[in-house]
Amino acid sequence: MISTLRTVMQKELRESLRDRRTLVNSLLIGPFLMPLFFILVLKFALARSVSNADEPAPVTVVNAAAAENFVQQLRERGLEVSLREGSEADIRRWITEHNELVVLRIPPAFGDRFSAGEPAAVQLY
């Protein structure tokens, strides 16, 4: 059984080496062109994702007066910050009206807690 398998394998290998097209395909397309193709596809995908990442992200900040320095940091990091005032119901309505709206709500005690070294949580919707 093994000798028969070996004989068939040798015959197929010999025929593959005789056929120049098969030899060129196996030695050129496989090892060289396929990695080049994958590199080009990855480069295209990366260029597309980076171009989308360069656009500033719009963020709506509620109660910005409680953390003016924090809001300034957001602007310096490249975020497009708009300021609004409203309740939680207003925030939920903004989100449903504007499908991709990001809302950051800063609690009134943010500045005092931050200055005291305590956790100063914000709410992100």
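1. Read along the sequence, the chain runs α-α-β-α-β-α-β-α-β. That pattern holds five helices and four strands. The model is a predicted one, and the points below should be read with that in mind.

2. Start with the overall form. The chain has a radius of gyration of 31 Å, whereas a compact globule of 125 residues would have one near 14 Å. The C-alpha trace spans about 85 × 30 × 30 Å along its principal axes.

3. Next, burial. Of the 125 residues, 14% count as buried. The chain exposes about 10100 Å².

4. Contacts across the sequence come next.

5. Is Val-81 buried or exposed? Val-81 counts as buried because its relative accessibility is 15%, and the cut-off for buried is under 20%. Leaving out residues up to four places away in sequence, Val-81 touches Val-59, Val-61, Val-71, Leu-74 and Arg-75. Val-59 and Val-61, two of these partners, fall within the range of strand 1 (58-62). Leu-74 and Arg-75 are also among the partners, and their numbers fall within helix 3 (68-76). Pro-56 is 25 residues from Val-81 in sequence, and their C-alpha atoms are 9.3 Å apart.

6. Asn-63 makes a second case. Where is Asn-63 found? Asn-63 sits in the loop between strand 1 (58-62) and helix 3 (68-76). Though in a loop, Asn-63 counts as buried, at 18% relative accessibility. Setting aside neighbours within four places in sequence, Asn-63 is in contact with Arg-84, Glu-85, Ile-106, Pro-107 and Pro-108.

7. Now the charges. The chain has 15 positive and 15 negative side chains. The centres of the two sets lie 18 Å apart. The count of salt bridges comes to six.

8. Helix 4 (residues 88-97) holds the pair Arg-92 and Glu-88. These two form a salt bridge, with the closest N and O atoms 2.8 Å apart. Why are Arg-92 and Glu-88 separated by about one helical turn? Because they are four residues apart in helix 4. Arg-92 is partly exposed, with a relative accessible area of 48%. Glu-88 is also partly exposed, at 38% relative accessibility.

9. Helix 4 holds another pair, Glu-97 and Arg-93. They too lie four residues apart, about one turn of the helix. Their salt bridge has its closest N and O atoms 3.7 Å apart. Arg-93 counts as partly exposed, at 39% relative accessibility.

10. Glu-118 forms a salt bridge with Arg-113. How far apart are the closest N and O atoms? They are 3.5 Å apart. Glu-118 is partly exposed at 40% relative accessibility, and Arg-113 is partly exposed at 35%.

11. One last group deserves a look. Which residues are linked in a network of salt bridges? They are Lys-11, Glu-12 and Glu-15.

Conventions
Residues are numbered from 1 along each chain as its sequence is written. This is a predicted model: local features need pLDDT of at least 70, side-chain atom pairs count only at pLDDT 80 or more; totals for chains, interfaces and linings use all residues. Side-chain values use heavy atoms; hydrogens and water are left out. Helices (H or I, at least four residues) and strands (E, at least two) are DSSP runs, numbered from the N terminus. Buried means under 20% relative accessible area, exposed over 50%, partly exposed in between (1.4 Å probe, protein chains only). Contact means heavy atoms within 4.5 Å. The radius of gyration is taken over C-alpha atoms; the globule rule is 2.2 Å times the number of residues to the power 0.38. Accessible areas come from the Shrake-Rupley method with a 1.4 Å probe; for residues, only the protein chains shown count as cover. Lys and Arg count as positive and Asp and Glu as negative; His and the chain ends are not counted. The place of a charge is taken as NZ of Lys, CZ of Arg, CG of Asp or CD of Glu. A salt bridge is a side-chain nitrogen of Lys or Arg within 4 Å of a carboxyl oxygen of Asp or Glu.
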